[in-house]
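Dear colleague,

Please find below the structure that I am handing over to you. My notes on it follow directly after the display.

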Amino acid sequence: MTSWLRTHGSVPLCLLLCCVVVAVCAEAPGAGDGVCSSPSITSCAECLRRGPQCAWCFSEDFQDGSWPGQRCDLPVNLLRKGCGPEFLEQSEVKVEVNATIGSTQVSPRDINITLRPGSEASFIVAVKQLERYPVDLYYLVDVSASMQENLDHLKTVGVALSLRMTEHSSDLWLGFGSFVDKPVSPYINVHPSKINNPCSDYEIRCRPAHGFHHVLSMTGNMTEFTRVIKRQRISGNMDTPEGGLDAMLQAAVCQKAVGWRPQAKRLLLLMTDQPSHLALDSRLAGIVTPHDGLCHLENNIYTGSTRMDHPSVGQLSDKLLDNHIYSIFAVEKQQYQWYEELVRLLPGSYLGKLGLFQAPNLIELVLDAYKRLLSEVALSVSVEDKAVSRYWVSVSPLCPDGSTAKDQSCSGVQPDQTVYFNITIGLRSCPDNGEDEDVQVMVRPVGYNESTVIRIHSKCSCSCGPEARSWTD
Ligand SMILES: *[C@@H]1O[C@H](CO)[C@@H](O)[C@H](O)[C@H]1NC(C)=O
Ligand SMILES: *[C@@H]1O[C@H](CO)[C@@H](O)[C@H](O)[C@H]1NC(C)=O
Ligand SMILES: *[C@@H]1O[C@H](CO)[C@@H](O)[C@H](O)[C@H]1NC(C)=O
Ligand SMILES: *[C@@H]1O[C@H](CO)[C@@H](O)[C@H](O)[C@H]1NC(C)=O
Ligand SMILES: *[C@@H]1O[C@H](CO)[C@@H](O)[C@H](O)[C@H]1NC(C)=O
């Protein structure tokens, strides 16, 4: 606006322009006509920002170079006023799908979208559940002193569970890791006699407290699993909550050590009889550095335990999603309520009661969890942080039973069925600098090893047209 008014600008002229606008509107009344043309518009970018229906004519001699606001109008009006179609810059919404990337579960995998401010685009993502998956199950066990009995029962689980899983899965692999808590005061007793054997008061020998210890990488050898579990000893600590979330994050992100298979459905089973510490809890021990979300294992021991705080629930949720891991919480019934709250915040998670804790009970719990988690197909859509406020997303699923669920998921999905998600993404506004922007949106079905990448190109400036030259000289 400024550059144009500086050359011609005076108050009477401005008033005159207002009259022209009124005249134009009177001459060609129609729905939405007035939305585009306005004397305050002096550039193509401003024009297109008025709405997806507006277009800009950049032909130099359009209307004998009269006031720039006239260049902004509905395309049909501009053409009628003599603008050649090759001089029209207009809002174009484009959806391009790369159909060449084959996929058995999630399709399409790659979509490009071009948006203008105020416009939106819709597309369909199909998620198909396969008949049978390989399954990886990682036991993450709280080995604080009160868990001795639970650890004993785990010894008998391996073979029996893999037999039961043959109904649902092509093969089952198991892994194992243990945790207690951050090995610093006030979570553990740092008296020299207690550090190495925290259970000395009970006259039993137990191992030092630890944040997370990865013990057995994924294996299909159940003899090996049983052998390793038999060697496990419990440990001890002071306060009641344990460092479960800290350990879960390591088990999720330390892909190589844990040995998660890329093609498997991944289950992370947390066994504990206590609530977990949350982010900020470790301030008590003077640890204020937030968790960096990375893997810190050395010789299978988590080395970040005393340096970084516990992860936040949001951070843990992201890492589980990124690594397509479902989580199962097997907790003593007194803690059920505490974990109910947590499970609500973690997509793809299941809560089971250990109750009368015995091996058959644990096997049923895992089977129930597996069936439940797989029968729920949910979608997580995330826009890059830098642009999250400028886009809106709506997801509506079409479930195999014909229902259209309101939240972003379908339940009761059976093997071999497909869920269709109709996703609409809209651009609310451009970045403050008014420049074009490329933003990536990830569409991730919870627990699936495949996702869809959406690249959005937001056209905020005008790509062609000599607008700068005609209005600033
Ligand atoms: C999407 O955009 C990228 C980068 O601009 C380009 O390389 C790719 O070919 C496009 N894909 C499709 C399906 O148009
Ligand atoms: C589609 O994806 C394939 C595999 O990533 C790539 O080679 C190809 O160039 C893409 N096609 C387009 C049009 O982007
Ligand atoms: C399974 O593990 C046991 C004990 O660790 C070992 O003796 C046996 O050779 C392993 N079997 C296979 C097929 O690797
Ligand atoms: C995802 O899992 C499926 C089914 O197990 C498998 O066929 C496919 O290769 C996996 N994809 C990747 C990228 O690992
Ligand atoms: C998807 O949703 C959009 C917006 O609600 C709607 O306009 C469009 O018709 C839907 N597409 C399909 C195929 O249902």
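How far does a polar side-chain atom of N98 lie from an oxygen atom of ligand 2? In this model, which is predicted, the distance between the polar side-chain atom of N98 and the oxygen atom of ligand 2 is 2.3 Å. The protein buries 25% of the 360 Å² that ligand 2 exposes when taken alone. The residues that surround ligand 2 are N98, T100 and I101.

I turn next to ligand 3. The residues around this ligand are N221, E224 and R227. Each of the three may be described by its side chain:

- N221 has a polar side-chain atom 2.3 Å from an oxygen atom of ligand 3.
- E224 has a side-chain N or O atom 2.4 Å from an oxygen atom of ligand 3.
- R227 has a side-chain N or O atom 3.3 Å from an oxygen atom of ligand 3.

Of the 360 Å² that ligand 3 exposes when taken alone, 34% is buried by the protein.

One further residue, Q335, deserves a short note. Where is Q335 found? Its place is in the loop that runs between strand 14 (325–331) and helix 13 (336–345). Q335 has a relative accessible area of 15%; because the limit for a buried residue is under 20%, Q335 counts as buried. When neighbours within four places in sequence are left aside, Q335 is in contact with D273, Q274 and P275.

With kind regards

Conventions. Residues are numbered from 1 along each chain as its sequence is written. Chains are lettered from A and ligands numbered from 1 in the order in which they are written. This is a predicted model: local features need pLDDT of at least 70, side-chain atom pairs count only at pLDDT 80 or more; totals for chains, interfaces and linings use all residues. Side-chain values use heavy atoms; hydrogens and water are left out. A residue is near a molecule or strand if one of its heavy atoms lies within 4 Å of it. A polar contact is a pair of N or O atoms within 3.5 Å; within protein, one must be able to donate a hydrogen and the other to accept it, and residues adjacent in sequence count only if both atoms are side-chain atoms. Accessible areas come from the Shrake-Rupley method with a 1.4 Å probe; for residues, only the protein chains shown count as cover. Helices (H or I, at least four residues) and strands (E, at least two) are DSSP runs, numbered from the N terminus. Buried means under 20% relative accessible area, exposed over 50%, partly exposed in between (1.4 Å probe, protein chains only). Contact means heavy atoms within 4.5 Å.
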